[in-house]
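Here's a friendly tour for anyone meeting this structure for the first time. Have a look at it, and then we'll walk through a strand, the cores and some charged pairs.

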Amino acid sequence: MTPRAFRRIAVIAFGSLALSHCAQNPVSGDKDFVLMSEQQEIQLGAQAHQDVLKEYATLDNPVLQAYVNEVGQRLAQQSHRPHLQWHFTVVDSPDVNAFALPGGYVYITRGIMAYLNSEAELAGVVGHEIGHVTARHGVRQQSASTAAGLGAVLGSILVPELDNQAGATLLQTLAQAWTAGYGREHELESDRLGAEYLAKTGYNPQAMIDVIGVLKNQELFAAEQARRDGRPLRTYHGTFDTHPGNDARLRQVVGAANQYTVANPRDGRSDYLQKMVGVYFGDSPEQGLIRNNMLLHEKLGLVLQFPPGWRVQNRPDRVVATSPQGDALVELQQGPKNDKPLDTLQKGLKLDAGARYDSGKLSGYPAAFAAGAQQGKPVVVAAVVFNGTQYLIAGMARDKPTYDRERSTLRAAINSFRAITAAEKMATRPYVLKLVTAQPGMTMANLARQSPLGAGAESQLRLMNALYPSGEPSPGQRLKIVQ
């Protein structure tokens, strides 16, 4: 989530600081020191929801949306706050994540859903997020650590969107808390509450451990990739040092739900898998597709080739590629909808004294260029007018020796901007999930050889089908694949 989405949220939160009081916790019944009343909490969530939807598009899949909402509403009615107006939304993001806003707003990405294999596991994720809301973790959170990454080292190349450091700090706290978790105690409390809601709704509460196991396996795989690529790790559930099945505290809190008798618990594997057919895997056409480090954006009509071997992140508001050493980056984002690129760079960029500006063409389109430094870090930027909108393409290095090493690479990436061709539009299609039935002798290695996922395809497919790290399918088993 980008900080911009939390700017208006911060205004509301700041306004609530003067209204601190003690309120009864809906779960424990104890008095909590919180910063807002329930009505303020609901108002905060409603306004934040609108900002979330500006950053994360709602997945255009009415059947899947209705399915997730139905599961969520049944769970919410068994929660400690059934009177809230609950909202459950599948967002069009490949990230493995789920999060909740105060007041009853729960979000789950299609990215995390690709790794689940039953309705019970879906209910485990949703029930956990409901637990955060019912226990008022969002309004009880007092501090959260800021995720470390290249952005913290190099900063944003282009115009900072926040002009108040105190505001930025609060925004980071809110974003980190609401989208990345709350610390072990709150996470365990949400696991306990989620397991209770599962049992009361007719699911086996042990599904909570199963789903966290799925996510832990995904985390282990992501850690392997991160170590290989030399980059920081981003995870959804990072609260267990060991595998969840070996975590005594987790088994204890989930086991507390066994007091609720569940006769013939619902698993819903077949229904869940069928609902996932045709769902995008990885990038969606709305965000543009990354193929061999090339961004092909049919909707916007553009192409940009990022440096080979660099890690590309297709974020909601920009696309960023970082060097293998983590000391240089290239980023692309939309700029103003006008034809004054030089004005955009001269007025918008915060470059050190001595920066150079020029006008010209980029792939035949009106453009402006800037070269200089931002807080001592070498920067090159282009603003190109394309189909009535400016696109800002920037390269930055951590220091001059790095820039000297990467100068030609950064400029080649900027100069690669062009219009997408008709052939590229026809050839580039998103990856989607399909189902196959395992035949005798079928192995995950065989499926991986037919997969477009490339290196790591076998591990990815195992993860998606609860066979990680070395399981093989049984004849007749339904499997998710990517085509």
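Let's begin with β16, a strand that is covered on both faces: Thr389, Tyr391, Ile393, Gly395 and Ala397 are buried on one side, and Gln390, Leu392, Ala394 and Met396 are buried on the other. Keep in mind that this is a predicted model. Counted along residues 389-397, that makes 9 of 9 residues buried in β16.

What does β16 pair with? One partner is β12 (residues 328-334), which runs antiparallel to β16 over 7 bridges. Here Val330 sits opposite Gly395. Another partner is β15 (residues 377-386), also antiparallel, over 8 bridges. In that pairing, Phe386 has Thr389 of β16 as its bridge partner. The hairpin of β15 and β16 has 2 residues between the strands, and Asn387 takes a positive phi near 55° there.

Now for the nonpolar parts. The largest nonpolar core has 70 residues, and the ones touching the most other members are Ile108, Met113, Leu122, Ile130 and Phe281. Helix α10 (residues 207-229) gives the most to this core, with 8 residues. Take Met113 as an example: setting aside neighbours within four places in sequence, Met113 is in contact with Leu64, Val68, Val90, Ile108, Leu122, Tyr272 and Met276. There's also a second, separate core of 27 residues, and Ala397 is among them, along with Leu302, Ile414 and Phe417.

On to the charged side chains: the structure holds 27 salt bridges. Here are a few of them.

| Salt bridge | Closest N to O |
|---|---|
| Arg81 and Glu41 | 3.1 Å |
| Glu41 and Arg136 | 2.8 Å |

Glu41 is buried, at a relative accessible area of 1%, and Arg136 counts as buried at 5% relative accessibility.

Arg266, in the loop between α11 (248-255) and α12 (269-276), and Glu119, in helix α5, are 147 residues apart. Is each one buried or partly exposed? Arg266 counts as partly exposed at 35% relative accessibility, whereas Glu119, at 2%, counts as buried. Salt bridges with shared partners join Glu70, Arg74, Glu119, Arg266 and Asp271 into one network.

Key. Residues are numbered from 1 along each chain as its sequence is written. This is a predicted model: local features need pLDDT of at least 70, side-chain atom pairs count only at pLDDT 80 or more; totals for chains, interfaces and linings use all residues. Side-chain values use heavy atoms; hydrogens and water are left out. Buried means under 20% relative accessible area, exposed over 50%, partly exposed in between (1.4 Å probe, protein chains only). Helices (H or I, at least four residues) and strands (E, at least two) are DSSP runs, numbered from the N terminus. Two strands pair if DSSP finds at least two bridges between them. A nonpolar core is a set of buried Ala, Val, Leu, Ile, Met, Phe, Trp, Tyr and Cys residues joined through side-chain atoms within 4.5 Å. Contact means heavy atoms within 4.5 Å. A salt bridge is a side-chain nitrogen of Lys or Arg within 4 Å of a carboxyl oxygen of Asp or Glu.
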